[in-house]
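Reader: I have just opened this one and would like to go through it. Can we start with the rings?

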Amino acid sequence: MNITVGARSDVGRVRQGNEDALLVREPLFGVADGMGGHLAGDVASATAVDVISGRAGAGDGLDARALERFIKEANRTIWQRANEDSQLHGMGTTCTLLMIDGDTGWLAHVGDSRAYMLRDGELVQLTEDHTLVARMVEEGRLRPEEAQHHPQRSIITRALGVEDDVDVDLIDIDLRGGDRILLCSDGLSSMLESREIHDILLDETDPQAAADRLVDAANDAGGEDNITVVVLDLNGGGGGSAAARAQTAPPPPPEQNPDEGTAPVMEVAGPDDDTLEETDAEEPPPRGRVRRFVIALVILVLLFLAGFGAARYALANSWFVGTSDEGVVTIYRGIPEEVLGLTLKEPLQESDVTIQDLPVYLRVTVQQGIKTDSLITARRTVANLEDRSRETIEAENESEGEGGD
Ligand code: CA
């Protein structure tokens, strides 16, 4: 089976940095979507790709168990780094990994990145989202069509790096010539309906052009999150190797606006590249340094003035659910992030729940702040968290009760 690949990772229109990473290293392909404050999400997804790519290149036999092992190893590495470095505490990442061996494919999957297959004009989602809303749909508490735009759709219930071990979904797929497989982060699947994804994949024959169009469409729809896609075409015969294609395919188009930024972390089929390595900046001559300082100062003042206007707007029109310094789950007006060192939030209402009452998988998300589009949605979010904390407490009581018998 010959494979041709198109791939792209894009920061989107709203986020400051790109915390997604991708892997194109035949026969392994993957996407990872990091989470965590500052650069931590970036480190988490890059670490996952690094560990997996390193292990895959170590010459071990590749099978489903090997994939599971790679992911568990990546999980432990991220978990250890998060525990050793307070700046990285709480980081985590999704990981959706595909290995192709002849006409068999293996998917190893954790989190809410997705794998789809387009076959005979039909698009099928191969992976299950490990999210709160997917669980609510399963339990019949939410209709599937409500899940797509649900404010808590990005809360994941499983991730690499959050605990010392992780459950990995393993899925085997029979492959046929003519199949097209899409791996993507939720920055694509939450911005586009699956019908739109289907139409682009069906319409665009070249995999790189398809990847580019998917990213562009997600940006046109708002680009609220980082967007990463890997499109794989399986050809019964003929065509170049995936590695050869990927070398030329994934770099971002030259017309990209530098302000929007492109993926800082892209691992693409290179044998020895180290994506975490920093490049040394040359020391500027003293005179250039003074000028640079003045320019930086002017920019800072302008940014401050712009930031001040933006801050007032953000304060008046945004809400989020976060935690107070004492760990109490609280509704805030404003945004959880600081802008130029300014805190842009004011507490509106404390709940009866503390962060310790919540299940482990929810704590990081709540600490980072769950943004909502209205005060009503924020209240609904708190009600949802109260439900979850009650369940956790009941589960603990039950297991204590069993232990006592
Ligand atoms: Ca994401």
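Author: Phe320 and Tyr332 are both buried, where buried means under 20% relative accessible area, with a 1.4 Å probe and protein chains only. This is a predicted model, in which local features need pLDDT of at least 70, side-chain atom pairs count only at pLDDT 80 or more, and totals for chains, interfaces and linings use all residues. Residues are numbered from 1 along each chain as its sequence is written, and side-chain values use heavy atoms, with hydrogens and water left out.

Reader: How many aromatic pairs are there?

Author: The count comes to one aromatic pair, taking rings of Phe, Tyr and Trp (its six-membered ring) with centres within 6.5 Å. Phe320 and Tyr332 form a stacked pair, 5.0 Å centre to centre with 10 degrees between the planes; stacked means planes under 30 degrees apart.

Reader: Which strands do Phe320 and Tyr332 lie in?

Author: Phe320 lies in strand 13 (residues 319–323) and Tyr332 in strand 14 (residues 328–339), so the pair ties together parts that are twelve residues apart in sequence. Strands are DSSP runs of E, at least two residues, numbered from the N terminus.

Reader: New topic. Which residues are the protein donors of the calcium ion?

Author: They are Asp33, Asp186 and Asp225, through OD atoms 2.2 to 3.1 Å from the ion. Donors are N, O and S atoms within 2.8 Å of the metal (3.2 Å for Na, K and Ca); water is not among the atoms, so sites may look incomplete.

Reader: Is Asp186 buried or exposed?

Author: Asp186 counts as buried, at 10% relative accessibility. Asp225 counts as buried too, at 11%.

Terms used:
Buried means under 20% relative accessible area, exposed over 50%, partly exposed in between (1.4 Å probe, protein chains only). Rings of Phe, Tyr and Trp (its six-membered ring) pair if their centres lie within 6.5 Å; planes under 30 degrees apart count as stacked, over 60 as edge-to-face and the rest as tilted. Helices (H or I, at least four residues) and strands (E, at least two) are DSSP runs, numbered from the N terminus.
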